[in-house]
Each structure stands twice: as structure tokens, then as C-alpha cells.
Amino acid sequence: MTILNESGIPDALSPLYGVGSVCERLPYVLGVVAGTRSEAHLAQTLSGFPASPERAAGAGRLLFMILDPEEEPEGGDLATRVVGEAVKFRDAGAVLLFRSRSAELLGVDFDFETRLLERRLGVPVLTVDLFERERDPGSTGGPMGLSTDVEDRALAALVDLCPHRNLEERPGKEGTEKARGRLGGLLGRRRSLSLRRRGGRSAEPPGPDRRPVALLSLQASLGRAGRSLRELAADLERAGVQVAGGIPGPAAEEFPALGPGTVAAPLDPYLATAAGAARRRGAEVVETLMPIGVDGTARFIQDVAEAAGSDVRAGEMARARSVWESLGSLRSRIRGKRIFFTGDTGLEVPLARFLSDAGALVLEVGCPRLDRRFLAPELQVLGSGGVDVIESPEWREQLGRIDEARPDVVVAGPGLHVPLVARGHLCRPSLDFLGAGIHGYKGARRILELFARSLQRAEGLDAVEL
Amino acid sequence: MKLLRGVYEGPGSHGILRVSASLARVQAVLRASPEEGYFPALLGSRTKRMDPEPAPVSLSPIWDRGSLSGSSWAPGNLSQDLANTVRRHPEAETVVLARSETALLSGEELPELSIPGGEEEPPPKLVTFGWESPGLRETEAADLALAELVRAYAAPAERTEEPTVNIFGPPVFNPGAAAEVAEVERLLGLLGVGVNARVPLGARARDLEGLPRAWANVLLYREVGDGATLYLKSEFGTPRVTTPMVGAAGTGAVLRAVGELCSLDAQRVRRLVWSELADTARLPWYARLASPESIGGRRVAIFGDFTYAIGLGYTMAREVGLEVGPCGTYMEHLERDFLFHANTFTDDAFVTDDPEKVASRIESASPDLVVGTHLEREVAASLGVPFLPLLSPAASLPFVERPLMGYAGSGVLADALEDALRGVPREKSRETGDSGVPWTEGALEELEGVSAFLRGRSRRLAEQRAEELGSTEVTRRIFRESRS
């Protein structure tokens, strides 16, 4: 494998796309974007437009705080306005405050606003940066991030909603709750309920050597794609692992405990920041392959089981073999197909690893940014398959390489998708793989089906005489 | 500081990019923070245009190059990025530099730049905008940018021998932008008036150069083009026609004005208008055919940009005979003009860029039809009345564009109106207002807490629930139940 840095501008969707998708996925979250018209316009435009009333209900949980660039923001103004509007979102269990570079340039004191907002609303207020504050030394590439960066940072912030392992161990907790109750938070009623639930959970001690596992993934945990988290959790439980739940949880007060003595397993290759947040909480973060593809899932289950204190080595390999065999006919449909990833979400690396394992020929894997440390196990396996990885690819150069190589399928970023289709290439938008339930053994089948369907449809359309 | 549920307009840089992407052989460089690069994705997915060339926009990211600076080719150095854009796009005649809000806020100055020429070809012209400021909005910036580009190119020239005009139409992302220009061009052709240039869609540098050759400027979309045509008027004395060309009346007025400016025989113009009214324009025919009961007393709410809101409002009020209730625009910089025009056909003209205020304005008027931007869809759905997404911004653009201007456009409007108004029985359309079921104070208080977007729907559901329970009034409890 060669990793080449092209020092270009990759065709990745702006990560502000994640603002809408996070708020849509988490019905208990009220999102507030603090910035100028630019951020509001981007977040609104890229998160897709309300297509149905149901969808709008989720998309409606997003407010845009638009700062006047000519005016110095007054301290507390942001919090006051959000509080005024929050009566319309009575069931919100947490507020995600998206912080833009421009808001910081204009001098908004986010620490102060967050504290004020938290006190007045009585629900946790978590801040999420819309921009990359500082580059992780382990990651390389150009100036551009992945389109999933905001999702990663939002998940890192949501880790704060996880109760610490034992409530008793958390000093001052009682006091905060009381203070919240007195100030009459949005969630007065639900808080007490959640406390009982939390109590219930910590009252049931895990086995002496077995440590509970929390699965980190936004895309796999909720909505239609939630099936892949459930499937994976079932597979882990069969391997003797105690799955405490997914992060994010189904409600603000139903997050699994996280802290020393627990294990966190990120399911997506772009969750480096979220994994870091879990590690800072004292949880052990499993470093292994992503549970994408058959081999990835098998390694993931084994390594997570090991970290959680149970051992299933032989059983899991047998399971993986039988899944692999059951995918035979699907594998034969993509065998020898030439696939090109322009690079956008970060899912490209494990997808390429699985596809080349399944017999496809991966021509190029674009990586707008590469977290070499976080993805070390992935890169090791991908390297043995002889796939070229291009860091920070220049999309105009990619266009030339694609025209030259004429791949069978291009997994394309959003700006290249339409021009490539117009040039006669068969494309699959990179965003199709987000939320498609691609994790675990069943997810492996879905990945292959996704490609097989594209190929089959193209054949069908090509066969029509126009 | 404003807390909004959505925005109608983007930042100034978005307006500049819309204009530059509308023109041909123009490459734009967007100086912005990395996460502000979005235009190629938007252009592809929204316009669905079958174009093998990616969007003519490159990003020059502002980021801390740290150890990479100097030693690396990594993008981020503005003059290097401009040079790369020129090198990669030898066909470009113009390079436009736009700065994002973040760039402006972080104090990015216009650099002293020149573009090196090639061996034979002259270098492309670099156009920068000194007036950019972080508070400037999309539409105003688009208008200023077009004026700036026209100023950069337009050169004195003799008038064409035969009468010609320039058409200033809407920029890219306006639904039907190209179809509008095509329809106007068809009508002008029937009049025997040639088209000297179409701006901005598809215009090249040399089209801009030759703008002063036209006898008149037909300004279809004054939101983007007002500044440019005013400049051409003051600098080259080219007169302009500014009436919105919506509906049969508006179209006739524009054609008569063009006829006068091009010294055409008035008889000829009249003949064309009559034949088009007989053959193409379907709106007057629809208005004659529909029974007074199906039209009279029906109230329309209109919200959107300037030209279409005014043009459609006037047409629906006068030519169709609908009652135009609230009619508004989000273009606050055109407030005075808008209110002046809108007050001729409605008592309820307003200007705001807050979707929530628009929603409550529409909600309280309980209209039978909502004509608006994609942000008004929710209000209409919540009130249970038909919705026509005819105004910009639109969530997605159609594969086949249809005009709303000219005589053909009036036919499109007739179809849209008939479809929208046919299905709604009169009684039902008023039901959402004060229906028979009374509300308790407490329940009304709860309703206040619901966003204006969804109030109509919540009200309906609560009244249904009260009926199911056999209650004579909507109480706080019933309201809460209906929402759970």
C-alpha cells in the first residue's frame, strides 16, 4: 500500500451537514447554531429540506442564532433568547450549542452562555465546535476535514450525558440535581424518573471480571439504521459481552454508564474525537477493526469481548466463516469490479478493506483527512491488500484519474457525483453509506447488496434502446 | 442578534457565487474557512444539471498551515490558489474572488494580486469586490457583483442597426431561470426585436462588453440586475423596462414599453399582444371560465422575493380576482419599494426575514392558498391548505423548467391555480379559523407555546380529539393528549 498526500482540495461535503443530521437523529435534542448567516445558511441548506411533516418535526428542533457582525454581542443575550424560545421545545432533554468560528471572532463567551443556559433550562447544554479547533497530531492530510467531523464532535459532547459508573462516586451530583429542580428546568418530571432508572442500572452489578460495553455510533444507533446496532449488540451478547447500550442513547437520560471499568467501542472510522472523549472519561476504548464487513465484524467482536473480559475466539471465527459463505453469490457479483472512492465521510477505508477482501479491485481510496493513529488496525489490513490511499486528494485530479481508469463504480462525493454521472460513470453518493445499517454481519450483506443493486440497475438501464 | 428557525437568504459570498456560476467562463475562488466550502455540492444536487464540468468554484481555505507552510503545496495561500485556478482552467476569461463571512470577520484583506499571462493568451481578468462586508446578504451582494462585473467589461459601442435589447434574468438556483429568459426571447422575436445579450445565465465576458449596443434593457428580475442596469443607464444612456413580466397585463405592459423604446409600430405590438392573448395566454381565459363562486372571496397569502411576490400578487388580485391577504418579502433592503408596490393590491403587505413571523402572519389570515418559498410549505401543510412553491428560494429545482413570466408563464400559472383551488371545498377552507369548538383559556395558552409553523395542525388535531371524546370544548388536557 502507498499513502500519497496530494495536497489538494477534496470534494467532501461541508461538515456542517452534520448539524441537521444530528438533530434529526436525536429527537430529544434542541440544536442551536450560533454564528453568522453563513453557518445558518449552510446548516439549513445541507441538512436537506423538510420532505414530510414527520421529518420537519425533527428538522424543526434546530434554531439559528444569527449574530450581527456590526455589533458586539452582549453577555447572556444568547442564553436569554434561547430560553425564550425553548418553551416550544418542552420535551427537549439536552441542548447542543454549535459554536462557529465567526461567533468566536465576534466575541461570544460560550462558557458563560452555556453555564447560564444550563442553569436556566435545567437540562445539560453541550457545546460542539463547527470547525476544527486544533489538528490531532495523529492525523494527517490537508486543510479539509471529513463531512462527518461535526457528527464526531457532537458525539464527543454527548458522551457527557453518560452517567459515571456509580452515581455515588460522583461528588456534588445530588446538589446539582436539587439546584435544577429548584429552578424548574424543562425536565423537572423526567429528571426524577431518569434518576430512578440510573439507580436501577447501577444497582445491578456486572460480573466480577466482566465489564459493560458501550457502543459509540450515531449512524447505527437510532432510526431506521438502528437495526445494525441491535444486531451487533445481539452478536456481542452471544459472545458473552454485557452491552450497556449505545451512545447516543434513545433518550437524554438513557445513556449507558461510562467511566473506569467500562469499555467503549466506536463503530465508525471517523469517531476519533468521540473515542478520545470516552477515553478521558476513564473508559477503555477498544482499538480494533471497525465492525464493517465480515472480517471486520469478527475481529471487532473478538477484541471487544476480550476487553470486556470474555473469550470467544473459536466460536466467532466459525460464525464469520458461515456468514462469509452465505454471501458467496453476492460476492461473486462484485468480484473483479473496479471501485473508486473519491473520499468524503471517512467510511471509505473500512469499506475498501471489506470490498477488496470480497474480491473487488479498489483503485483509489480518497481520504480528506487520515487519522493514522485511530485507524492503525484498519490501515494495516488495507495495506496488505495493496490499495492506494490518497490523502487530501485534489478533486480535479481525481476527475482525470477516474476518466482514465473508467472504474465500474465510483463512490463519489457530493460535488463530483452529478458531473461524473454526466460523464457516463456509474456512481453511488458517498452519503448513501451513512445510515444504511452497514455495521455487523447483516450490514456486510447490505454493503454488497448496495453495490450489486447499482450494478444491476445500470445493466438494466443500459439494455434499453433509446 | 436574531434567533431564527431558518434563513431565506445566504451570506453575501453565496450571492456572488450565484452570479459567477451563472456566467460562462468565469471561475470563482472562495476565500473561506474549510467548512464553508459547499458550492459544488449544492450546484450539482440542487440544479441536477446534466453538466460534465464540476462547479466553477474553488476554495482557498483559511487554516493554520503550521509546519506545512513554505515547504508544501498545500492550499491556503491565496495568490498560489488563484494561480492554480488559472492554470487548471485555461478557458476562464474571468476570475472572481469572493470572501466568506468568516474570512471577512477574521480580517482577510483584498491582496494586491495580478494574474500572470500565458504565452499567447491574455490573462483572465481578476475581479474583486471591495464592498464586501460580513453583514451583506445574498441578494444585495449578487446585485452588486453583477453591477461590478458589468462595470469591469462594458465598453462604449454603437447601437445595433436593428433594434435589440439585453435581457437581465434571474441567476442560477432560481426555479425556471432559463425558461423565463427563453419565453421573453420568444416574445421579443415575434416583435422583431433581437436579443443582444442574456445576463447573467450563460453570458460570457464579450457579452458583457457589448451590453451598451442594445437599445434597451429588459429587467426581468430586479433583485439581481437593478444595479447593473442603472449603471448602463447612467453611463451609456440605455433605458430600462422594469415592470414585472408576470401575468398577461404585466407582459403586455413590458412589450408595449419595449415597442416604444425600439420605435416599433404600435400597431404591430398590438397585433402581437392580441394574437398571444388568443393563442398562448391562458390566465385571462381561466379567469373568464371559472365561476365567481370558485374564485371570489378566496384568500391567497404570498411570500418570497421581490419580483415574483409583487408580480404574482398583482396578477392574482387583478387578473384572477382572488383576495390577496398577507403579501411579504424577506428582502429587507428593498423594503420601501416593496411596500409601495404591494400596497396597490393588499392591505397586508409586510417585510421580515423571520420564518416564524411569516408563519404567524399567514396563520392568522387563514388563507385558502399559500404561495411561497420552500420555508412556507410547513405552514400551508399545517393549515391544511394548498401550497404553490413558486418563489425563490426553492428546495429543489425541476428537471424541466417552466416559465412564470410572459404569456406562456400565465398559462402555467392558470394550471397551478386551477389544480390548487379545485380540490378545496369552500367550507373546509375556513374551518381552520374559528370553528365551532370553543377553546378554554388554558388550552389557548398551550397553543401559544406551539411554533407558528405547526399551530394549524395542532389546532385541527385538538378539535378532532375533542370531538372524539364528545367534549364541548378543547381543554388543556385534550390539547396535550392530541399532541402526544
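Accessible areas here come from the Shrake-Rupley method with a 1.4 Å probe. With that in hand, here are some notes on this predicted model, arranged by topic.

1. **Chain B overall.** The accessible surface of chain B is about 19,500 Å², and carbon and sulfur atoms hold 49% of that. Its secondary structure consists of 21 helices and 14 strands. Of the 484 residues in chain B, 60% are buried. Take the contacts in chain B between residues at least 6 apart in sequence: 71% of them join residues at least 24 apart.

2. **Chain A overall.** Chain A has 466 residues, and 61% of them are buried. DSSP gives this chain 19 helices and 16 strands. The accessible surface comes to about 17,600 Å², with 49% on carbon and sulfur atoms. For contacts in chain A with a separation of 6 or more, residues 24 or more positions apart account for 77%.

3. **The interface.** The contact involves 62 residues from chain A and 62 residues from chain B.

4. **Polar pairs across the interface.** Between chain A and chain B there are six salt bridges, and 17 residue pairs are in polar contact across the interface, both residues being at pLDDT 80 or more. Several elements of chain A give two or more residues to the side that touches chain B, among them helix 3 (53-59), strand 3 (62-66), helix 17 (395-405) and helix 18 (414-422). Helix 2 of chain A supplies the largest share of that side, nine residues.

5. **Arg88(B) and its partners.** Which residues of chain A form salt bridges with Arg88(B)? One is Glu394(A), where the closest N and O atoms are 3.9 Å apart. Another is Glu397(A), at 3.8 Å between the closest N and O atoms. This second pair crosses between chains, from helix 3 (residues 78-88) of chain B to helix 17 of chain A. Arg88(B) is partly exposed at 25% relative accessibility, and Glu397(A) is partly exposed at 36%.

6. **A salt-bridge network.** Across all chains the structure holds 57 salt bridges. One network of them links Arg37(A) with Lys2(B), Glu9(B), Arg137(B), Glu332(B) and Asp353(B).

7. **A pair within one helix.** Asp235(A) and Arg238(A) form a salt bridge through their side chains, at 3.1 Å from N to O. Both residues lie in helix 10 (residues 226-238) of chain A, three residues apart, about one turn of the helix. An α-helix has 3.6 residues a turn, so residues three or four places apart point the same way. Are the two partners buried or exposed? Asp235(A) is buried at 7% relative accessibility, whereas Arg238(A) is exposed at 57%.

8. Arg459(B) and Glu363(B) meet in a salt bridge through their side chains, at 2.9 Å from N to O. The pair links distant parts of the chain, 96 residues apart: Arg459(B) sits in helix 20 (residues 452-469) of chain B and Glu363(B) in helix 15 (residues 355-365) of chain B. Arg459(B) is buried because its relative accessibility of 18% falls under the 20% cut-off. Glu363(B) is buried too, with a relative accessible area of 11%.

9. **An enclosed helix.** Helix 7 (residues 149-158) of chain A is largely enclosed by the rest of the structure, because 10 of its 10 residues are buried.

10. **Thr373(B) in its loop.** Thr373(B) lies in the loop between strand 13 (369-371) and helix 16 (377-383) of chain B. Its relative accessible area is 0%, so Thr373(B) counts as buried. The side chain of Thr373(B) makes a polar contact with the side chain of Glu376(B), at 2.7 Å. Leaving aside residues up to four places away in sequence, Thr373(B) touches residues including Tyr8(B), Phe303(B), Tyr330(B) and Pro393(B).

11. **Cysteines.** The count of disulfides over all chains is zero. Cys23(A) is buried, with a relative accessible area of 1%, and Cys427(A) is buried at 11%.

Key
Residues are numbered from 1 along each chain as its sequence is written. Chains are lettered from A and ligands numbered from 1 in the order in which they are written. This is a predicted model: local features need pLDDT of at least 70, side-chain atom pairs count only at pLDDT 80 or more; totals for chains, interfaces and linings use all residues. Side-chain values use heavy atoms; hydrogens and water are left out. Helices (H or I, at least four residues) and strands (E, at least two) are DSSP runs, numbered from the N terminus. Buried means under 20% relative accessible area, exposed over 50%, partly exposed in between (1.4 Å probe, protein chains only). Contact means heavy atoms within 4.5 Å. A disulfide is a pair of cysteine sulfur atoms within 2.5 Å. A salt bridge is a side-chain nitrogen of Lys or Arg within 4 Å of a carboxyl oxygen of Asp or Glu. A polar contact is a pair of N or O atoms within 3.5 Å; within protein, one must be able to donate a hydrogen and the other to accept it, and residues adjacent in sequence count only if both atoms are side-chain atoms.
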